[in-house]
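Hello,

Here is the structure for you to take over.

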Amino acid sequence: MAFGFFKKTETADLIFHNAHIFTQDPELPWADAVACRKEKIMGVGNLEGMESLIDKHTQVIDLDGKYLFPGFIDVHRSPVLKVFDGKFLDLSNCSATEEVLKAVADWAEDNPDDEILFGYGYRDDLVPDDEVDASEAEIPAGDETPISASASLLSQACEERPVLLLCQNCIDCWTNLAADEIIAATAEEEVVETITVSYILNLLIPFDFEEVENDVKQEIEALSDGGFTTVLNLGTPDYFENLYQDSLIGLYNEGEIRQRFFGSYYMNRPLMPQPLVHKLMNRRTNCLEMNGLLNADTLFLYLDNENSPVPFSQEALNTIAEEVSDKNFGIFIEAIEQSDMVMAYDALEWVRSKGYRNTFTIASDYTLTQEELSERPASDTGYKTWGTILLSDRSIYGEISSAQGIIDQLTTEAAKIIGMQDSLGSIQAGKLADFAIFDENPLECEVKLIPRLHASMTVLNGEIIYDAEAENDIELYNLMMSQQL
């Protein structure tokens, strides 16, 4: 039996016992009981050894033989994209300007009630000419003000309603004339001299906040049902993630938060390091008062030089990685091709040669050869994982053949990716008390069935935040009340 606690005079707030506790601790793989005080694990072992930790305030819960695991950590899917999926025009498959315009026209026809048409994901290289004549844009006679080609073209696709398209790089956008009129009038009224993409996005808001918050709530409930207590978001524009985080803050204030959220800043082209670090620092500051439940400590870098109109040089990537590492931000590089993956490893080598030991993850479907590995001694100080499939619930399940391997990826290995291996991923004294509790043993499930597991309970920071039986009772009560009405 292993057992640990902070002070002998302290007692536990919560103790689970009569459980099959899979700890992921090699020195004590299985235990019968776990004690929690405040947000941390106080001790692991059996109930008899915890008698001194129990007083009249301690909640002691008999799990009746259920299986208690470290809370699962999802690092291969974007909850943000899932919430916004279908709410905007996806332009990622458009290979020409004409395809973008057709997609806008079709979306406008299919969504007549949308006050603002919003699209995201057109390629960086789809850039119309800088200006066109007023006559070509079919604006009122006598108005000789030059307008952007994008405004002219988008107005032909949809004239009556504002159109806002955000580029794949999240730096540029297209707007039509109807949108430009609103932007210009508001900027003049507010005495705004410089109109940025951020200003436009905050002005032309295409989403219903209440609907987004409801969808975020459903998503975090679905994650709880699967046993997830932590999630890493990858590959989404800062705009989407900010809206998601706003909803999380609202739910936190209502006591309804159910996971730790780790956000990431998305970048797919080289940016100036100093403004990038400033942006990352601002994001981190905004999360400081969320008790560790909302985090913004990761740069997500999408590296696809073959298809990027502004490819990375090794020097640019090294400089960005060094500046970001200097402020102790984690780096997650999605490397699409073999050459991208090699470049990512060389950036890791550079960062480590400068003495930085921040979290550095490389996701790729490629691997280094033995010769390439031998030339890069720092390669074992980073973390290698598979390429991400952002809207797939099963991105890791095709890569691993054993249930034990899947559980490792959802606990100890995932904790390394978010840089939380000292706090999450295993059940040990001093770590955060995040648990997933199941009626059946996940280690005995077929790999393909693990994504379909339903948790009977999840615990976050030593508090029960999801209880399937209680949730079902509430749903049944609400159903009966609605039928009576």
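**Packing**

Leaving aside neighbours within four places in sequence, phenylalanine 240 is in contact with Val80, Phe84, Phe88, Phe118, Tyr120 and Phe207 (contact means heavy atoms within 4.5 Å). The model is predicted: local features need pLDDT of at least 70, side-chain atom pairs count only at pLDDT 80 or more, and totals for chains, interfaces and linings use all residues. Numbering runs from 1 along each chain as its sequence is written, and side-chain values use heavy atoms, with hydrogens and water left out.

The largest nonpolar core has 57 residues. Phe84, Phe118, Phe207 and Phe240 touch the most other members. Helix 7 (residues 238-253) gives this core its largest share, six residues. A second, separate core holds 29 residues, including Ile331, Leu348, Val351 and Phe360.

The terms are these. A nonpolar core is a set of buried Ala, Val, Leu, Ile, Met, Phe, Trp, Tyr and Cys residues joined through side-chain atoms within 4.5 Å. Buried means under 20% relative accessible area, exposed over 50%, partly exposed in between (1.4 Å probe, protein chains only). Helices (H or I, at least four residues) and strands (E, at least two) are DSSP runs, numbered from the N terminus.

**Cavities**

The structure holds two cavities of 30 Å³ or more. On a 1 Å grid over the protein atoms alone, a cavity is a set of points where a 1.4 Å probe fits but cannot get out; a pocket is an open set with protein on both sides within 12 Å along at least five of seven lines; lining residues have an atom within 4 Å of a point. Grid points are joined across faces, edges and corners, and a volume is the space filled by probe spheres set on the points.

The largest cavity has about 60 Å³ of space. Its lining includes Pro70, Ile73, Thr229, Ser423 and Asp434. By class, that lining has four nonpolar, six polar and one charged residues. Here Ala, Val, Leu, Ile, Met, Phe, Trp, Tyr, Cys and Pro count as nonpolar, Asp, Glu, Lys and Arg as charged, and the others, Gly among them, as polar.

The second largest cavity has about 40 Å³. Ile220, Leu223, Val231, Tyr244, Leu248, Ile257, Gln259 and Phe261 line it. Seven lining residues are nonpolar, one is polar and none is charged.

The largest pocket has a volume of about 740 Å³. Of its 25 lining residues, Ser92, Tyr120, Gln168, Tyr266 and Tyr302 lie nearest its centre. Strand 10 (117-122) and strand 17 (294-303) are the elements that give two or more residues to this lining. The classes are nine nonpolar, nine polar and seven charged.

The second largest pocket has a volume of about 610 Å³. It is lined by 25 residues, and Cys170, Ser198, Asp238, Tyr265 and Lys279 are the closest to its centre. Its lining divides into 16 nonpolar, six polar and three charged residues.

**Cysteines**

How many disulfides are there? The count comes to zero (a disulfide is a pair of cysteine sulfur atoms within 2.5 Å). For cysteine 167, the closest cysteine sulfur is in cysteine 170, 7.8 Å away, so it is too far for a bond. For cysteine 287, the closest is also in cysteine 170, but at 18 Å, again too far. Cysteine 167 is buried at 1% relative accessible area. Cysteine 287 is buried too, at 7%.

Best wishes
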